[in-house]
Amino acid sequence: LSPSDDEARRLAERLERLKVGVVAHFYMDPEVQGLLIRASRFYPHIFISDSLVMAGRAVEMARAGGCRSVFVLGVDFMSENVAAMLKENDMGDVRVYRMDEAPIGCTLADAANSDEYRQYLSSPASRRAEEPAVHIVYINTSLRAKAQSDQLVPTITCTSSNVVRTVLQAFLQLPDNAHVYYGPDAYMGANVRELLTSLAELGDDAVAEIHEGHTASSVAACLPRFHYFQEGKCVIHEMFGSDVADVVAAEYADAYVTAHLEVPGEMFRLALLKSRTGFGAVGSTQTILDFINGKVDAAVAAMQEEKDGGGTLTAERIRVILGTEVGMLTSIVESVRDKLRDSGPVAAGIEVEIIIPVSSESVTSVEASGAGAGAGATTDEVLGGAVVLPGPSGGEGCSAEGGCAACPYMKMNTLAAVHRTLDLLEEESESASAHLAAQEPDAYAEDLGDGSESVAARGCRPIVRMQSFQAKGVFPDELVRTVSS
């Protein structure tokens, strides 16, 4: 979290010399994120964010910054989206590189490529003449999945930041009998339904904060026409099940609780309940970061008010349960450090504690340690009287096998991989070119079997529709006509 300026400057100089931009996801390993954040002080074309803005920033780096290559530190669908949007903006000559020649996968994205998902969309596709339908697909999917989905049902992408507003806009702008099909994340689909149900119960004012075009009664009327795929899951967010939620509720009552929309319902419900009183937040990684920053700002303001009134400054500890992938910690620490440092002496008594949930299956108990020696054996007999402290069962604990929620695919994006790819760019040999070609995302140049546009072009269409919605606040006319026709 505190890399040296010399190391950061060396990386920045290499990126600048080779005209390379970097877009990275919040879930990168702390070693990678920490150095990238520090290097961005010396070179502007480094950006860390959630998946929503990665492609857009890559386009800006190429257009305004003159970057000839873009490194994407994330999973494969992120690099596919970056490459496709560069091509969509007439910058297809800008090269995009993943950080490994092997696939950098995602269990959730895989679900949208399955036969089950196509079957899920085949039903509304067959009834479109009498029952209009729109498909809202999570951006965390491949271009092929987006293209194939749009071939069946008119499709628009969403992110965890805008999924609720996208669903509500669909019901507002499309025909009264239109149905909305969301996928592929089963937990996010269930959580969106729960959030909409909660909004309908809270009344018109609460609804207006989310979408000004709806009332509580209109949201309630939408629910029977909202559907979600029930098979797709992120293997990492699945860790936040009932056991984790029970521990958080019982032992961390004084803590703020955050939950990504991809977590199971029990953890989401707990954070949603706390959010009603300002003690929780649900949504995207950016939502979680903004929530924590807001609590720090409020604490600093309270300290300043106390000081201005002549009172005695007291210590305050802000405790936050981090209900998402552990890589998010790096950006939180960096942001909070900056805020506390910039606030000066008045913030000296403020501490922020980030609590990372650990699944019960990943912790070895004292009893379990002694169980392997045979029936009747005690811990003392097995270990010669040594005291056994419970600990992680999966190595260091932060792995897919056990411990906190750390995505093994995201962790394929190492600093060594960044430097290796820069070495290949500098080498300019046939061998280097072959390795670089293997690190490029799939171009999806083939068509969908109908002889029309390429998979890449068709897969971009749902993304472009989302970008139009983000910019103008309404669905593009072309999408509305396609759904209604």
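Predicted model: local features only at pLDDT ≥ 70, side-chain atom pairs only at ≥ 80, totals over all residues.
How many bridges pair strand S9 with strand S10, and in which sense do the two strands run? That question opens my presentation today.

S9 and S10, the latter covering residues 280-283, pair over four bridges in the parallel sense. Within this pairing, His260 stands opposite Gly283 of S10.

Val320, for instance, is partnered with Ile354 in S12. The chain crosses from S11 to S12 by way of helix H15, residues 328-343, and this β-α-β crossover is right-handed.

Let us return to S9 and consider its side chains. In a regular strand, side chains alternate between the two faces of the sheet. In S9, Tyr256, Thr258 and His260 point one way, while Val257 and Ala259 point the other way. Are these residues buried or exposed? Every one of them is buried. The strand, residues 256-260, is therefore described as mostly covered, with five of its five residues buried.

A helix may be enclosed too. Helix H8, residues 163-173, has eight of its 11 residues buried, so the rest of the structure largely encloses this helix. Among the buried residues of H8 are Val163, Leu168, Gln169 and Phe171.

Val163 brings us to the nonpolar cores. In soluble globular proteins, nonpolar side chains tend to be buried together. The largest nonpolar core in this model has 140 residues, and Val163 is among those with the most contacts inside it, as are Leu36, Phe71 and Leu73. Helix H14, residues 285-308, supplies the largest share of this core, namely eight residues. A second, separate core of 11 residues includes Ala112, Tyr120, Leu121 and Phe229.

What does Leu73 touch, leaving aside its neighbours within four places in sequence? Its contacts include Val22, Met28, Leu36 and Met99, and also Asn413 and Val418.

I turn finally to the aromatic rings. A pair of aromatic rings is described by the distance of the centres and the angle of the planes. The structure holds nine aromatic pairs. One of them is formed by Tyr117 and Tyr120, which is tilted, at 5.4 Å centre to centre and 45° between the planes. These two residues are three residues apart in helix H6, residues 115-126, and so are separated by about one helical turn. Both Tyr117 and Tyr120 are buried.

Phe469 and Phe475 form another pair. Why is this pair called edge-to-face? The planes of the two rings stand at 80°, with the centres 5.2 Å apart, and an angle over 60 degrees counts as edge-to-face. Phe469 is buried, because its relative accessible area of 4% falls under the limit of 20%. Phe475, at 1% relative accessibility, likewise counts as buried.

Ring pairs also link Tyr117 and Tyr120 with Tyr181 and Phe229 into a cluster. Elsewhere, a charged residue meets a ring: Arg57 lies over the face of Phe47, at 3.8 Å from the ring centre.

Note on methods:
Residues numbered from 1 in each chain as written. Heavy atoms only, no water. Phe/Tyr/Trp six-rings, centres within 6.5 Å; stacked < 30°, edge-to-face > 60°. Buried < 20%, exposed > 50% of the residue type's maximum accessible area, 1.4 Å probe, protein only. Lys NZ or Arg CZ within 6 Å of the ring centre and 35° of its normal. Pairing = 2+ DSSP bridges. Core = buried A, V, L, I, M, F, W, Y, C linked by side-chain atoms within 4.5 Å. Contact = heavy atoms within 4.5 Å. Right-handed = clockwise from strand over helix to strand, strands pointing away.
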